[in-house]
Amino acid sequence: MFVAELRVHDIQISMDGRGRCLDNAKMERFWWALKYEDIKIKEYVSLPQSCCGVRHYVKFYNSRRIHSALQYRTPDEVYFGTCNRQTRAFTPIF
């Protein structure tokens, strides 16, 4: 069982008491965005191309993509407590 292996290495398990990962909702939302806003529409043909594309998307997601749950700010703005002064040429889709 993988949980036993995690405990052997003193790795904190990110699940509730029933073994569900309900506290990972924000991360699950990120994986959805990555999958449907990048991977499925780009059709990467090689591993190096996909690595570069995913790296680019993560940078975009954190520094340029506004989030309604963050009062239409970027994760970087919230985390670093700054205001991104660039003009936003798109409207939120969520």
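1. Packing of α2 and α3. In this predicted model, helices α2 and α3 pack at an angle of about 120 degrees, and their axes lie 11 Å apart. Axes here are lines fitted to C-alpha atoms, for helices over the stretch in contact, with angles running from 0 to 180 degrees between N-to-C directions. The two helices are therefore oblique to each other; angles under 35 degrees count as roughly parallel, over 145 as roughly antiparallel, 65 to 115 as roughly perpendicular, and the rest as oblique.

2. Handedness and contact residues. The crossing of α2 past α3 is right-handed, a term used if the near helix is turned clockwise from the far one by less than a right angle, left-handed being the anticlockwise case. On the α2 side the contact is made by Phe 30, Ala 33, Leu 34, Glu 37, Asp 38 and Ile 39, and on the α3 side by Gly 53, Val 54, Tyr 57, Val 58 and Tyr 61. Contact means heavy atoms within 4.5 Å.

3. Nonpolar core. Phe 30, Ala 33, Leu 34, Tyr 57 and Tyr 61 form the largest nonpolar core, which has 5 residues. Such a core is a set of buried Ala, Val, Leu, Ile, Met, Phe, Trp, Tyr and Cys residues joined through side-chain atoms within 4.5 Å. The elements giving two or more residues to this core are α2 (25-42) and α3 (47-63), and the largest share, 3 residues, comes from α2. Leaving aside neighbours within four places in sequence, Tyr 57 is in contact with Phe 30, Ala 33, Leu 34, Glu 37, Asp 38 and Arg 65.

4. Asp 38. This residue is found in helix α2. Asp 38 counts as buried because its relative accessibility is 2%; buried means under 20% relative accessible area, exposed over 50%, and partly exposed in between (1.4 Å probe, protein chains only). The side chains of Asp 38 and Tyr 44 are joined by a polar contact of 2.6 Å. A polar contact is a pair of N or O atoms within 3.5 Å; within protein, one must be able to donate a hydrogen and the other to accept it, and residues adjacent in sequence count only if both atoms are side-chain atoms. Not counting residues up to four places away in sequence, Asp 38 touches Ala 33, Tyr 44, Gly 53, Val 54 and Tyr 57.

5. Overall make-up. The protein chain has 4 helices and 0 strands; helices (H or I, at least four residues) and strands (E, at least two) are DSSP runs, numbered from the N terminus. Of its 94 residues, 17% count as buried.

6. Basis. Residues are numbered from 1 along each chain as its sequence is written, and side-chain values use heavy atoms, with hydrogens and water left out. As this is a predicted model, local features need pLDDT of at least 70 and side-chain atom pairs count only at pLDDT 80 or more, whereas totals for chains, interfaces and linings use all residues.
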